[in-house]
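Here is a short report on a structure with its sequence. Read it with the model open beside you.

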Amino acid sequence: MSAQNAKLPRWVDYGLIPLLNLTAALLVSGLVVLLIGENPLEAVYWLVQGSLGYSEGVGFTLYYTTNFIFTGLAVAVAAHAGMFNIGGEGQAYVGGLGVTLACLALDHYVPWYVTFPFALLGAVLFGAAWAAIPAYLQAKRGSHIVITTIMFNFISYSLMAYLLVEVFKQPGSMQPESRTFLEGGRLPFIHDVAGWFGIKMASSPLNLSFVVALLACVFVWALIWRTRLGYAIRTFGTNPDAAVYAGMNLSRIIIITMMISGGLAGLMALNEVMGAQNRLLLDYVTGYGFVGIAVALMGRSHPVGIIMASILFGMLYQGGAELAFEMPKITRDMIISIQGLVILFAGAMEHMFRPALVRIFTSRSDDLGQEA
Amino acid sequence: MDFLQTLILTTDSAVRLSVPLLFACLAGLYSERSGVVDIGLEGKMLGGAFAAGCVAAITGSAWLGLLAAILVSIGLALVHGYASITQRGNQIVSGVAINFVASGLTALLGQAWFGRGGKTPQLPNTARFTEITLPFAEPMRNVPVIGRIYSDIISGHSLLVYAAFIAIPLTWWILYRTRFGLRLRAVGENPGAVDTAGISVAWMRYRAVIIAGILCGFAGAYLSIAQSAGFSKDMTAGKGFIALAALVFAKWKPLNALGACFLFGFLDAVAIRMQGTALPVVGEVPVQAMQALPYILTVILLAGFIGKSIPPKADGVPYTKER
């Protein structure tokens, strides 16, 4: 029996292996910190202190977590259908356009809770549309989804840069950004919501999109494991031939799955554009789409795993800012390196420790068998 | 005359801009022809550019800089190889990881070692690959048409530019006229057959990945110590992905790669030159539209609307020996 396919206890597969991979990534990161002449343990201290040590830090951590949940879910949904959506970056960026249009159109007239469903719809529709084109080309013209979605990332950078400079930029302003939304186009911050109930919280950009993100997790769980479509998606992902044999329409699955995936990525814009910044900014996605790949991999494409992985990456983001402040030699680029290493160890080399673990666990169960 | 002058200047800058694309595109070609998808061209180039910038700044030697670029790039390529050949991991994920690691580490180490916001120190010309004037460039200038082409477009580039243009026929020759090339193509189409013939699939693919590393090293060194005088943060700016697009556009063939890279380089040069100038019929073309054009063209080609681009059959598929 091959070590790759051997059965391991579930807690090893879903708990121990990701933990070992993460540890390996962090150990290598520690070596990098040593290389630039700083103390890795001190770095870890500031990372944890900065992300979890005080209530404002926690707020920021969860605010970043929100972005990662959306992009992680996006990658996960496509992964269940055996597809690689590397275009989360572009879908989130274009999703921002949907949010911005809704907010700019409505913020003068109505309160935020009326704008909100339109902005949500805008984010989903624009993100889904941006994913639908590569999906259509994959389904009908056979072009590879990975390459097309990469190309669409770059096309979105150009498109959005054009729109921001030529359309949204305010007269007299040098910044390529839209006007700041009024109250009607702003999602309430969690500290404001807590305030309504008389609870005092430190202010942070954490906003209601966090709740939307958690609901999206429930939605994805129900979709994948509790619906006909989810069953079709999983069948297609595990064995496309079986899916054809069962009479499933592959083009339809590809396009619908990718649109759901793109819509989830687009929702990230809700957090950034309507929640935190209250305006459309140039390049505001800055890698969240790509990190979604790491999140989905670490979270094993399961919503619960994705929430945990997102919190981890949220901590890295927020803690990394604090770290760069306390230890100036370790710039925020350290976080990008750590993300890369996590993607490498938890994703590309996820089976590295498997053969050894299989040896340990099979020999132990053999011993047990002999005793019985 | 004015038009001719513009054309010559644009072509000249297109040659310069297409060089990193050429190296990276050929790197991707070796890798993908052997069946290993390479999204990490960008990262390897960036790592190479940083190494070249550092070593050239410290030692004052462009050649040592180039060597360092190649070594670092091979190092990253071997990580990719280990993940995708030995570990049979997801090659796309591995490539994404390498891009992240390279982007993070170069900026981090650059800041920690030199403290100039991720830049390496400005290099003197002695530590760079500088322009070479080919023989007879000056006297030839007055010969009509050919003279200008020779002295303005062909002459006056750094050594690495000529290396890039030599690498194209060389790659063609290796791929189609050597035993190694035949096996390389075979291992990307049908690794099972190659294995049956008693040739190690893994070792073939490792060699392809290492060649990709060497070529990305050249691309990186060109960026930091030939085109510019030092490394700056994220200086590849998506060139690795344009090279990837060029590879698809070239249908994974070396001679086509020359055309694709030059076309994309030319579009880039035109975009820079045309910024803010209006064209006769269409008016002012937004610079962003020009920037997006290589990607749009690639998508259209990939969708089979203008010809058909088919990747090597085993591209991206890890090889598992039958048991």
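## Where the chains meet

The contact draws 42 residues from chain A and 38 residues from chain B. On the side of chain A that touches chain B, the elements giving two or more residues are helix 5 (112–141), helix 6 (145–168), helix 12 (288–298) and helix 14 of chain A. Helix 6 of chain A supplies the largest share, 12 residues. By class, this side of chain A has 25 nonpolar, 12 polar and 5 charged residues.

## Confidence in chain A

This is a predicted model. Chain A has an average pLDDT of 88, and 96% of its residues score at least 70. Within chain A, helix 8 (residues 209–226) has the highest confidence, at 95. Helix 15 (residues 354–371) of chain A has the lowest, at a mean of 70. Where pLDDT is low, the predicted coordinates should not be read in detail.

## A helix pair in chain A

Helix 14 of chain A, one of the elements on the side that touches chain B, also packs within its own chain. The axes of helix 13 (residues 303–326) and helix 14 (residues 333–348) of chain A come within 9 Å and cross at roughly 155°. Angles over 145 degrees count as roughly antiparallel, so helix 13 of chain A is roughly antiparallel to helix 14 of chain A. Their crossing is right-handed.

Helix 13 of chain A contributes Leu316(A), Tyr317(A) and Gly320(A) to the contact. Helix 14 of chain A brings Met334(A), Ile335(A), Ile338(A) and Gln339(A). These residues divide into 5 nonpolar, 2 polar and no charged.

## A helix pair in chain B

In chain B, the axes of helix 1 (residues 2–33) and helix 7 (residues 159–177) come within 9 Å and cross at roughly 25°. Angles under 35 degrees count as roughly parallel, so helix 1 of chain B is roughly parallel to helix 7 of chain B. This crossing is left-handed.

From helix 1 of chain B, the contact residues include Val15(B), Val19(B), Phe23(B) and the charged Arg16(B) and Arg33(B). From helix 7 of chain B, they include Leu160(B), Ala164(B), Ile168(B) and Thr171(B). The residues of this contact divide into 12 nonpolar, 1 polar and 2 charged.

## A loop residue in chain B

Pro124(B) sits in the loop between helix 4 (91–114) and helix 5 (137–140) of chain B. Is Pro124(B) buried or exposed? Pro124(B) counts as exposed, because it has 11 C-beta neighbours inside 10 Å. The cut-off for exposed is 12 or fewer.

Pro124(B) and Ala229(B) lie 105 residues apart in sequence. In space, they are 7.3 Å apart, C-alpha to C-alpha.

Definitions and conventions. Residues numbered from 1 in each chain as written. Chains lettered and ligands numbered in written order. Predicted model: local features only at pLDDT ≥ 70, side-chain atom pairs only at ≥ 80, totals over all residues. Axes fitted to C-alpha atoms, helices over the stretch in contact; angles between N-to-C directions. Helix = DSSP H or I, 4+ residues; strand = E, 2+ residues; numbered from the N terminus. Parallel < 35°, antiparallel > 145°, perpendicular 65-115°, else oblique. Left-handed = near helix turned anticlockwise from the far one by under 90°. Contact = placed C-beta atoms within 7 Å. pLDDT = per-residue confidence, 0-100. Buried ≥ 20, exposed ≤ 12 C-beta atoms within 10 Å, placed from the backbone.
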